[in-house]
Amino acid sequence: MEHFPKKTTLPIIVCSILLISVSANAANAESVPEWVKNTALWYGQGIVSEQEFLNMIKFLIDNDVITIEGQKEISTKKDSIITIPNGNFNVSSTSFYLPLNLEIPVGTTVTWVNNDSVPHNIQSQDDSGKVIDMFNSPPLSTGDKFSYTFEEDGIFKYHCSWHPWRVGLVTVN
């Protein structure tokens with residue numbers, strides 16, 4: 001049996017899952033954001049990395065644009081991690097916080113880890129996008145971490161004040 005390189009095999013598997021999911025759930029082109037279509041195109045052209053392409057697929061799954069058999073699980077762990085991926089500082093990049101919307105139970109400690117090549121911070125926001133004094137990190141250099149324990153239900157928005165186009169959510173149930 002001939003073996004395909006990993007770089008070829010992974011997209012074939014992902015595309016197969018997409019095709020099955022899309023046909024099973026009758027997703028249409030209008031439900032897929034334009035940036036997702038562009039990321040898939042750019043991945044095929046070698047412009048974006050495999051990780052960025054996989055982040056896009058994860059976004060589609062997390063936002064129920066694509067569904068895979070089985071129920072979506074909410075983490076029951078009391079510690080969770082959000083990663084700031086490399087390239088997150090770039091406006092034109094398709095990188096975003098991983099996960100973009102972390103769903104956790106009350107009492108969970110969330111740790112943000114900066115894997116980007118430039119400093120970032122984590123600033124909590126109200127519904128209008130104004131920074132509030134709930135959880136706000138100091139500057140996080142590459143490899144630095146910041147933690148906060150969520151003690152009540154709600155949807156908590158945050159962003160990096162130096163790169164305000166990068167936003168994320170923590171949903172506490």
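Strand 7 (residues 154-159) and strand 8 run antiparallel to each other and pair over 6 bridges; two strands pair if DSSP finds at least two bridges between them. Strands are DSSP runs of E with at least two residues, numbered from the N terminus. The model is predicted: local features need pLDDT of at least 70, side-chain atom pairs count only at pLDDT 80 or more, and totals for chains, interfaces and linings use all residues. Residues are numbered from 1 along each chain as its sequence is written, and side-chain values use heavy atoms, with hydrogens and water left out.

- An open sheet of 5 strands has the order 2-8-7-4-5, with mixed pairing.
- Its edge strands are strand 2 and strand 5 (131-136), each of which pairs on one side only.
- From one strand to the next the twist averages 35°, where axes are lines fitted to C-alpha atoms and angles run from 0 to 180 degrees between N-to-C directions.
- Strand 2 (residues 101-104) pairs with strand 8 (residues 167-172) in the parallel sense, over 4 bridges.

- Strand 1 and strand 3 are parallel and pair over 6 bridges; within them, Ile81 stands opposite Thr111 in strand 3.

- Thr171 lies in strand 8.
- Thr171 counts as buried because its relative accessibility is 12%; buried means under 20% relative accessible area, exposed over 50%, and partly exposed in between (1.4 Å probe, protein chains only).
- Apart from neighbours within four places in sequence, Thr171 is in contact with Asn101, Leu102, Glu103, Ile104, Gly154 and Ile155, contact being heavy atoms within 4.5 Å.
- With the neighbours within four places in sequence left aside, the contacts of Val170 include Ile82, Leu102, Val110, Trp112, Phe150 and Phe156.

**The nonpolar core**

- The largest nonpolar core holds 17 residues, and Trp112, Ile122, Phe150 and Val170 have the most contacts inside it.
- At least two residues of this core come from each of strand 1 (79-84), strand 2, strand 3 (108-114), strand 6 (145-150), strand 7 and strand 8.
- A nonpolar core is a set of buried Ala, Val, Leu, Ile, Met, Phe, Trp, Tyr and Cys residues joined through side-chain atoms within 4.5 Å.

**Aromatic rings**

- Rings of Phe, Tyr and Trp (its six-membered ring) pair if their centres lie within 6.5 Å; planes under 30 degrees apart count as stacked, over 60 as edge-to-face and the rest as tilted.
- The count by this rule is 9 aromatic pairs.
- One of them joins Phe150 and Phe156, whose ring centres are 5.3 Å apart with planes at 50°, so the pair is tilted.
- Phe150 and Phe156 are both buried.
- Tyr97, Trp112, Phe135, Phe146, Tyr148, Phe150, Phe156 and Tyr158 are linked into a cluster by ring pairs.

**A cis peptide bond**

- The peptide bond from Leu98 to Pro99 is cis, with omega near 0°.
- Pro99 belongs to the loop between strand 1 and strand 2.
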